[in-house]
Amino acid sequence: MMIIRPYTDTDEQGWLRCRVLAFLNTAYFDNVLQKKAHYDRPSIELVAIEQNKVVGLIDIEYEETPRTICTAYNTVGGMIWHVAVHPDYQHRRIGEKLLEAALKEAKTAKLTYLEAWTRDNPPIPRWYEKMRFTQKYAYHHLYFDETALEKYDLSVPAQVHPMTMFAHYTGSDPDVLNRASRRHLCMCYVKRII
């Protein structure tokens, strides 16, 4: 039987394993954490537990003053920094149940909306849309390997030899996009809380 409860420090290794495995076959495969984030502001941190194992997680850091974390509206919001379901437990509505539990806490905290950023990995935007989030903004994450970097004049000291680069790109020049070794559309999804 699965339960959803607040995260505790003893969950950290299970939280990390769940997140790494959930992200492994997505566009965020290279976003590996060695420690769970701790937040300066108030947060909603929940885990789904089955057989004493973390099988899902959601972390939302939220504002007390508008636009100190989120950008969509001039009211207080919460940023979904992490939401993941262990691959062996996917397609069982665990992510949906975590979001429902987090929304109850968000209402208690008087948040007016949630904001989440994700890449163009097809199942993920579809999940946000199913959960009644709407896309608000987008820009690109660009990765450049050594060959791609040769096309750019980077102002770095002579002793520094960039081998790879990650960049945010807010433009739309196809030449810039095509120079990247790998690119992803990074999209902001927003859900109003009623």
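Guide: Two residues are in contact when they have heavy atoms within 4.5 Å of each other. This is a predicted model, in which local features need pLDDT of at least 70 and side-chain atom pairs count only at pLDDT 80 or more, while totals for chains, interfaces and linings use all residues. Residues are numbered from 1 along each chain as its sequence is written, and side-chain values use heavy atoms, with hydrogens and water left out.

Visitor: Among contacts between residues at least 6 apart in sequence, what percentage join residues at least 24 apart?
Guide: The C-alpha trace of the protein spans about 55 × 40 × 30 Å along its principal axes. Among contacts between residues at least 6 apart in sequence, the share that joins residues at least 24 apart is 69%.

Visitor: In what order do the elements of the protein run from the N terminus on?
Guide: Helices (H or I, at least four residues) and strands (E, at least two) are DSSP runs, numbered from the N terminus. The protein has five helices and eight strands. From the N terminus on, their order is β-α-β-β-β-α-β-α-β-α-β-α-β.

Visitor: Which strands stand at the edges of the sheet?
Guide: Two strands pair if DSSP finds at least two bridges between them. The open sheet has eight strands with mixed pairing, in the order β1-β2-β3-β4-β5-β8-β6-β7. Each edge strand has a single partner, so one of its sides is left without a neighbour in the sheet; these strands are β1 (2-6) and β7 (165-169).

Visitor: What is the bridge partner of Leu-142 in β7?
Guide: Strand β6 (residues 134-144) runs antiparallel to β7, and five bridges join the two. Within β7, Leu-142 has as its bridge partner Ala-167.

Visitor: How many of the nine residues of β4 are buried?
Guide: Buried means under 20% relative accessible area, exposed over 50%, and partly exposed in between (1.4 Å probe, protein chains only). Across the protein, buried residues make up 44% of the 194 residues. Strand β4 is largely enclosed by the rest of the structure, because the number of its nine residues that are buried is seven.

Visitor: In β5, what is the bridge partner of Met-79?
Guide: Strand β3 (residues 53-62) is joined to β4 by seven bridges and runs antiparallel to it, with His-82 in β4 as the partner of Asp-59. Strands β4 and β5 run parallel and are joined by four bridges. In β5, Met-79 is bridged to Glu-115.

Visitor: At about what angle to β5 does helix α3 run?
Guide: Axes are lines fitted to C-alpha atoms, for helices over the stretch in contact, and angles run from 0 to 180 degrees between N-to-C directions. Helix α3 (residues 123-130) lies across β4 (77-85), β5 (113-119) and β8 (182-192). Its angle to β5 is about 165°.

Visitor: Which element gives the largest share of the lining of the largest pocket?
Guide: On a 1 Å grid over the protein atoms alone, a pocket is an open set of points where a 1.4 Å probe fits, with protein on both sides within 12 Å along at least five of seven lines; lining residues have an atom within 4 Å of a point. The largest pocket has 41 lining residues, and the closest to its centre are Phe-23, Val-83, Ala-84, Ile-124 and Trp-127. Elements giving two or more residues to this lining include α1 (12-23), α2 (94-108) and α3. The largest share, seven residues, comes from β4.

Visitor: Is Arg-119 buried or exposed?
Guide: Arg-119 lies in strand β5, and its C-alpha atom is separated by 6.3 Å from that of Ala-27, 92 residues apart along the chain. Leaving aside neighbours within four places in sequence, its contacts include Tyr-28, Asp-30, His-141 and Cys-186. With a relative accessible area of 3%, Arg-119 is buried.

Visitor: What is the relative accessible area of Ser-43?
Guide: Ser-43 is found in strand β2 (residues 43-50). Leaving aside neighbours within four places in sequence, Ser-43 is in contact with Ile-60, Glu-61 and Tyr-62. Ser-43 is partly exposed, at a relative accessible area of 26%.

Visitor: How many disulfides does the count come to?
Guide: A disulfide is counted for a pair of cysteine sulfur atoms within 2.5 Å. The sulfur of Cys-70 is too far for a bond, because the closest cysteine sulfur, in Cys-188, is 8.1 Å away. Cys-186 is in no disulfide either, with the sulfur of Cys-188 nearest at 8.5 Å. The count of disulfides comes to zero.
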